[in-house]
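Here are a few exercises on how two chains meet. Take a look at the model, try each task, then check the steps below it.

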Amino acid sequence: MPTYSLDFERPLLEIERQIEELKKLGGDHGDELAALERQLAALRADVYKTLTPMQRVQVARHPKRPYTLDYLRTVFTDFVELHGDRLFRDDPALVAGWARLDGQTVMVIGHQKGRDTKENLRRNFAMAHPEGYRKALRLMQLAEKFHAPVITLVDTPGAYPGLGAEERGQAEAIARNLLAMASLRTPIITAVIGEGGSGGALAIGVADRVVMFENSVYSVISPEGCAAILWKDAGQKERAAEALKLTATDLLDLGVIDEIISEPPGGAHSDPDAAAQALGESLRRHLRQLARVRIEKLLKRREEKYLSMGAFIEK
Amino acid sequence: MAWFKKERKPRSSERVKLEIPADAWEKCDECGHIDIKERFVQALSVCPKCGHHRRISAQEYIDVLVDEGSWHELDVKLRSADPLAFESYKDRVQVAYKKAGELDAVRTGYARLHGQPVNLAVMDFAFMGGSMGSVVGEKVARLAQRSAEKGIPLMIVSASGGARMQEGALSLMQMAKTSVVIAELARKGIPFISILTNPTTGGVSASYAMQGDVIIAEPGAVVGFAGPRVIKQTIGQDLPEGFQTAEFLVEHGMVDMVVPRGELRDTTAQLLRHMAGRRPVEAAD
């Protein structure tokens, strides 16, 4: 039985319970079971087809959603984790290292949430400190040195707003990464796999291709934060989530991302293997496409892509 | 019986009748010092007693920094397009326009500083807290591109609460957009001086404001990634005295120096001379 569910998943839970009970009864209920399974699948597809933006935020934050280390097991092989920024400490909120994809060595860098409270405390809920971003920078430059593409997996509520983070230059660490990624002489692919939390996400998200899972979100501020500032009421998060245009579809329309990766009905957490397969397919395809582009041209295109972002009136 | 008698002078109302208009005085918001307004003006809105730097407008920074009569403004027609159709954003822009007298939160242009050509951007906190949306990003990027093309140094005076919420992820992307041009300046060896004023936080501090070859902060300016209120909320305790101030940043190695407003012009001019080097293309303007 699922131990955690989102409010809009309750009707699904009810059918799941019926199936469980039926199975416990024993005997021959094959037809009934099959009917219930069909009903469940249909309802799940239905529920997930019509998610509101705030419900997608909930799915993106689902504690069962696959994280970076899960994809490192399912999408990549030969992962060797590397640690530390060589300046202060290793930041467990962000994991990185060599791995193989499509027969080729790549550098994978991703935010890492914890599965339980203990691990979340250690990983600071994937909210990196400056040393996390500096580790990412060090390893991006290592990838550049050995002509390996960089793949980043974004899944963070944001960069950590704390005393130590400020003392050690959180803003500088993010700013430096943006600058470095703008001219990094190797292909960069970013996949938003869960939460794309503002500057903390962008700090590893300036890329030749940005892809995004269907139920992940990417935003300049959390819906709760936005509601608290604009309407002095964090409870208005639905309204804020709607207004911020933070879903994959919205961001594709705005030209912020390049592709949406479909999730299995019921979200990535309902079928992690299917999600991994979809992510792997997308990453391999982009990797092959980018490998064909000469580096100077790649950098020029990267620059042009970001220069064209934004909307304004001039008259 | 009293052994002396205090002579009571009748209070004359004539004493206070020196005709000084009320608006001739100015009070420092920091130390409460009251002085003739003219002295505040001459000190560029810095308190003559405690040195507190009061916030000034973009126009005042332009006047402080560039040679008289050398300012030429660029891209004056850019304004917000409300790309997300974000509720009440248009009204907020209107209110900001009336308050700041500008179309958005940054002014850009070219000028001379001690005779040297310079491209200058000045953010205006009065316009929606100096927040960066598409217009700010585009204007800064165009100015930096101008620097790259003409080989002219770039200077940006920042004052901002961060990215503008009402333009969502497009605001966030302005951090990347400005960064790709600043990266080009770095590759071409064209100097970029970043001047941080009170406050510089969020998406602006986490992009071009902290990307300067030299970073200067005004005394007392609050500079950081997260604003003090957010940090206080996160850690659940009060912040140490002076946390995130310009002086704190210089001590922690995050900025090069703290420079009082009155010295900004000479200091930046001197820095530009040091960093002029030998440029492949002669600066022409």
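**Exercise 1.** Count the salt bridges between chain A and chain B, and find one of them.

*Solution.* Start with the rule: a side-chain nitrogen of Lys or Arg has to lie within 4 Å of a carboxyl oxygen of Asp or Glu. Between chain A and chain B that gives three salt bridges. One of them pairs B:Arg187 with A:Glu303, N to O at 3.5 Å.

A word on the ground rules: this is a predicted model, with local features needing pLDDT of at least 70 and side-chain atom pairs pLDDT 80 or more, while totals for chains, interfaces and linings use all residues. Side-chain values use heavy atoms, without hydrogens and water, residues are numbered from 1 along each chain, and chains are lettered from A in the order written.

**Exercise 2.** How much area is buried between chain A and chain B, and which residues of chain A lose the most?

*Solution.* You get about 4,600 Å², with carbon and sulfur atoms giving 72%. Then look at chain A: A:Leu163, A:Glu166 and A:Phe312 top the list, together making 13% of what that side buries.

**Exercise 3.** Which strand of chain B does E9(A) join?

*Solution.* Strands here are DSSP runs (E, at least two residues), numbered from the N terminus, and a pair needs at least two bridges. E9(A) has three bridges to E4(B), residues 78-80, running antiparallel. Within this pairing, A:Phe312 sits opposite B:Ser80.

How values were computed. Buried area is the accessible area (1.4 Å probe) that two parts lose on being put together, summed over both. Helices (H or I, at least four residues) and strands (E, at least two) are DSSP runs, numbered from the N terminus.
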